[in-house]
Amino acid sequence: MAEQRTARLGRDVFPLLLLVAATAIHAPGNAAAPSLGEALLAWKASLQDDAAALSGWTRAAPVCGWRGVGCDAAGRVVTLRLRGLGLGGGLDKLDFAAIPALTELDLNGNYNLNGTIPASISRLSSLELLDLGSNGFNGPIPPEFGDLSSLVELRLYNNNLVGAIPHQLSRLPKIVHFDLGSNYLTDPDYAKFSPMPTVTFMSLYHNSLNSSFPEFILKSGNITYLDLSHNTLFGPLPESLPEKLLNLRYLNLSANGFSGRIPPSFGKLTKLKDLRITANKLIGGVPEFLGSMTRLRILEIGENQLGGPIPLVLGRLQMLQRLDIKCAGLVSSLPPELGNLSNLSFLDLCMNQLSGSLPPELAKARKLNFLYLFGNNLTGSIPVELGQLENLKEVVLASNSLTGPIPTSIGNLKQLTRLALFFNRLTGKIPPEIGNMTALQILDVNTNHLGGELPATISALRNLQYLDVFDNNMSGTIPPDLSNCLALQVVRFTNNSFSGELPRNLCDVFTLKALTVNNNMLTGELPDCWWNLQNLQVMDLSHNDFSGEIPAVKTSYNCSLESVHLAGNGFTGNFPSALQGCSSLVTIDIGNNKFFGGIPAWIGQSVPSLKILSLRSNNFTGEIPSDLSKLSQLQLLDMANNGLT
């Protein structure tokens with residue numbers, strides 16, 4: 001009987017076991033084994049999660065419903081995507097053996113993940129994507145990563161990884177995207193490094209590679225994107241590169257030590273859209289063949305020693321959006337043909353030896369956003385046609401020999417944020433149309449021959465931050481509504497002939513950090529609201545005709561002043577007490593005024609960083625305070641021509 005009961009019990013229990021097993025397999029919400037959930041929770045417990053991004057990771061919720069966790073139909077965890085969640089900590093507490101089916105691990109952009117990358121990741125035999133980019137991981141890349149036979153994408157860029165690139169990585173059979181950029185990696189053992197024929201994206205930029213052009217790359221014939229910039233690679237650019245890498249679309253070799261000429265064979269890179277080889281040691285001029293590379297959108301070959309002219313054939317590059325040949329020793333005029341570049345948005349030819357005039361034809365490049373011609377020998381006037389380039393955002397024509405007036409058409413440039421015309425020979429007035437340029441943030445016309453008054457329309461520039469008109473021949477009063485420019489940070493009117501008083505409303509420009517109006521003919525007293533300018537760091541009112549006492553501080557004053565120049569005026573009264581709260585002061589120059597009374601002892605205690613103290617040619621009397629000896633950083637002390645004892 002006992003044997004019959006046992007047999008019957010076995011027949012009854014066996015179907016029940018099958019049912020339980022089937023239920024377990026087909027219930028994705030609960031399918032992740034307890035060991036998996038506990039493994040992920042143990043890792044979570046080791047992390048810093050200030051934003052509570054993983055607050056939903058609890059035992060009360062199914063693992064497959066947790067944020068960033070993806071499961072397949074069988075309930076196995078196959079993806080872990082925790083990109084940009086602000087997580088901190090490491091990977092050493094993550095048990096990779098608990099997630100053997102994982103195909104994607106994406107922790108990019110957390111920035112605070114750190115520590116070494118564990119070799120145990122290599123246990124993930126199904127892993128196709130590993131993205132640990134933009135974090136703080138350090139130490140070497142584990143050679144065991146070469147065992148990740150299913151890996152298609154490897155992204156370890158923007159970390160602090162060190163050591164030689166493991167040669168084992170070159171044997172990844174399916175790798176397509178290979179990005180180790182922006183680390184501190186050194187040359188691999190090239191003798192053991194194999195070609196990588198499956199790779200299309202190769203980025204090793206901003207590392208410490210120090211060799212000639214890596215041979216294995218020339219044998220990796222399917223690369224379309226190659227970035228080796230910001231290393232210390234040297235020697236000639238390989239003539240065979242176009243033959244070996246026929247499909248290149250993007251090539252960046254900038255900021256290395258490559259030398260010699262740009263090989264003529266590069267003209268065969270007919271699919272190339274982006275060529276960047278700036279900041280090397282290349283010579284031999286700008287090649288004519290570049291004009292036949294009609295798919296180019298970006299051409300950056302500056303910061304070399306190329307020399308020679310700008311080829312007219314560059315005007316054929318109808319797809320070109322960005323042309324950068326700055327600091328290249330070019331001896332050339334500015335070809336009118338560049339106006340044919342109908343898609344050009346960025347042109348930088350700074351710091352060359354360009355001569356002649358600005359061609360009006362340049363105005364045909366209507367998509368131009370940035371025009372940089374700083375530091376050349378350009379002459380003639382600024383063409384009126386420049387005002388047709390209504391998409392311009394920045395114009396830098398400084399440090400040339402341009403003459404004539406600033407054209408009124410400049411007022412059409414309503415998207416312009418920066419206008420830099422300093423160090424030229426411009427004449428006439430600043431046109432009132434400047435007030436139409438409401439996006440303008442920087443207006444710098446210093447060191448020209450401009451005259452007349454500052455146009456009142458300048459007060460319409462509500463976004464203006466920097467106003468530099470020093471070293472000109474300007475006159476008249478400072479516009480009373482200049483205070484409408486509430487974003488102003490730097491105002492420099494030095495070495496002109498401005499007259500009248502400082503506008504009282506200037507006190508309302510709380511953002512002001514530097515005000516230099518020295519060497520003008522300004523008069524009157526400082527407004528009593530002056531110390532409202534609590535962000536002011538540099539104040540130079542010297543060599544004008546100001547008078548009266550320096551206003552006292554009426555309310556609490558958080559002084560930011562580092563440099564005060566009041567010399568050569570008619571200021572009177574006691575030593576300015578408002579400076580007592582200015583603990584960051586480095587320079588106090590109030591010489592050649594009519595200040596009187598004693599020198600306050602607090603100077604030796606309240607301004608410990610003071611390096612220059614000039615009180616000469618005033619009417620100070622009494623004893624020199626012994627506390628001045630506490631100014632340990634003082635380099636210049638001038639108290640001559642007073643009544644001190």
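Student: Between which two strands is the loop in which Phe470 is found?

Tutor: This is a predicted model, in which local features need pLDDT of at least 70 and side-chain atom pairs count only at pLDDT 80 or more, while totals for chains, interfaces and linings use all residues. Residues are numbered from 1 along each chain as its sequence is written, and side-chain values use heavy atoms, with hydrogens and water left out.

Phe470 lies in the loop that links strand S32 (466–468) to strand S33 (473–477). Strands are DSSP runs of E with at least two residues, numbered from the N terminus. With a relative accessible area of 18%, Phe470 is buried; this term means under 20% relative accessible area, with a 1.4 Å probe and protein chains only. Leaving aside residues up to four places away in sequence, Phe470 touches Asn446, Thr447, Arg492, Phe493, Thr494 and Asn496, where contact means heavy atoms within 4.5 Å.

Ala101 stands 369 residues from Phe470 in sequence and 69 Å from Phe470 in space, C-alpha to C-alpha.

Another part of the model is strand S2 (residues 77–81), in which four of the five residues are buried. Strands S1 (residues 69–71) and S2 run antiparallel and are joined by three bridges; two strands pair if DSSP finds at least two bridges between them. Cys71 has Val77 in S2 as its bridge partner. The hairpin of S1 and S2 has five residues between the strands, and Gly75 takes a positive phi near 85° there. S2 also pairs with strand S4 (residues 104–106) in the parallel sense, over three bridges, and Leu105 in S4 is the bridge partner of Leu80.

Technical notes:
Buried < 20%, exposed > 50% of the residue type's maximum accessible area, 1.4 Å probe, protein only.
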